[in-house]
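Open the structure in your viewer and keep the selection tool at hand. This tour moves from rings to charges, one stop at a time.

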Amino acid sequence: MKQMFIAALAALGTNLLFPSTGFAQATSAPAEKAMILYVGYAPGGGYDGYARLIARHMGRHLPGATHIIVQHRPGAGSVALANDLFNTLPRDGSVLGMFSNSLHLWEVLGQENIRFQSAKFNWIGRVTDADDVMAVRPDSNLNTINDAKAREVAIGVPGATSSPALTLTAINRILGTRFKLITGYTGSAETRLAVERGEVEGTQGLLWSVDGGWIKHNGLKVLYRVSTSPIGLDGVPALEDFATSDEQRTLLRFFTSFTDVGRALTGPPGIPPDRVAALRLAFSATMTDAGFLAEVEKSGLRVAPMDGQKLQELIAATSTMSDDLRRKARDASGMTLGAAK
């Protein structure tokens, strides 16, 4: 593996990722040995935290003293970043993105403002899966998801095309809950503040590994976990546990599959294959880097890596789902192909 890594890096040449042309317009930082990692949300949320963690360590596994700069491009639940990454941002390996882990689902469902094909992105690697949970204020009279069937419940979500928005809409249609989505927040940091202020009763999209301390400090009640993997919350049901039929269970698994994508690094299409290989090897090396692991242990962040090739295959599998499942999922999401949003 080490020889493959060195060979892949050597193949890139001394200008490796960032030729002087074009890069100067993307950032005011020195053009040499620098790259940008764009985050599709405002600072302070879970995506930002993982992006900065990667940025502090991955550069050591790229040629020279590569400096990775984290910048934010919020908009439309990170669809704006994904569109730019696919269509307009440099394709030389100098730019990567971290956007919503549910955008490949929105693409399958036919969201009209999507101008990308998820399977054609170059997926570099997943830092962690998403250990998402739903939590509500302690003064709420909600104790289980079934309580949300009796009345309307205001839930803050970071954007109308975010994974919490998509999942909650589907839950309402599949299980009969009455979650009212309050959008307009630019990230999870703002939704947490909205919960604290009492603007909303709760929020979904909280990561237990990141937000567990905040949840406990504020005495919030965890209604269910969205994550498809056990996350150490004894007695907290998974969302699919509320299914009452095989069809409901299949649909809920589709809508929660974004947790398998998690916090992932993505490159635009068209990056030369040798550079994609080098970026993937650098990512994999970072996941076993002593400094990276020491910071992970100190911070308590959840890390569950997936290499870029496996992630690419996961995205491709979702993109080729059956027409019957696609139709049922679209019905559950409340979307019709080509309808105005």
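**Stop 1: the aromatic cluster**

Select Phe86, Phe99, Phe116, Phe121 and Trp123: they form one aromatic cluster. Rings of Phe, Tyr and Trp (its six-membered ring) pair if their centres lie within 6.5 Å; planes under 30 degrees apart count as stacked, over 60 as edge-to-face and the rest as tilted. By this rule the count comes to eight aromatic pairs.

Before going on, note that this is a predicted model: local features need pLDDT of at least 70, side-chain atom pairs count only at pLDDT 80 or more, and totals for chains, interfaces and linings use all residues. Residues are numbered from 1 along each chain as its sequence is written, and side-chain values use heavy atoms, with hydrogens and water left out.

Now keep phenylalanine 99 and tryptophan 123. How far apart are the centres of their rings? The distance is 6.0 Å, with the planes at 75 degrees, so this pair is edge-to-face. Phenylalanine 99 sits in the loop between strand E3 (95-98) and helix H5 (103-109), and tryptophan 123 in strand E4, so the pair ties together parts that are 24 residues apart in sequence. Helices (H or I, at least four residues) and strands (E, at least two) are DSSP runs, numbered from the N terminus.

Are phenylalanine 99 and tryptophan 123 buried or exposed? Both are buried. Buried means under 20% relative accessible area, exposed over 50%, partly exposed in between (1.4 Å probe, protein chains only).

**Stop 2: arginines over rings**

Select arginine 263 and tyrosine 47. Arginine 263 lies over the face of tyrosine 47, 3.8 Å from the ring centre. A charge sits over a ring if NZ of Lys or CZ of Arg is within 6 Å of the ring centre and within 35 degrees of the ring normal. Next, take arginine 73: it lies over the face of tyrosine 38, at 4.7 Å from the ring centre.

**Stop 3**

Arginine 73 lies in the loop between strand E2 (67-72) and helix H4 (79-87), and aspartate 84 in helix H4, so the pair ties together parts that are eleven residues apart in sequence. A salt bridge is a side-chain nitrogen of Lys or Arg within 4 Å of a carboxyl oxygen of Asp or Glu. How many are there in the whole structure? The search finds 15.

Go to aspartate 129 and arginine 302. They form a salt bridge, with the closest N and O atoms 2.7 Å apart. This pair links distant parts of the chain, 173 residues apart. Aspartate 129 is buried, at 6% relative accessible area. Arginine 302 is partly exposed, at 21%.

**Stop 4: helix H14**

Select arginine 327 and aspartate 324. Both lie in helix H14, three residues apart, about one turn of the helix.

Arginine 330 is buried yet has no salt bridge. Which side chain of opposite charge is nearest? That is aspartate 331, 6.9 Å away. Lys and Arg count as positive and Asp and Glu as negative; His and the chain ends are not counted. The side chain of arginine 330 does reach the backbone oxygen of valine 108, at 3.4 Å.

Note on methods
A polar contact is a pair of N or O atoms within 3.5 Å; within protein, one must be able to donate a hydrogen and the other to accept it, and residues adjacent in sequence count only if both atoms are side-chain atoms.
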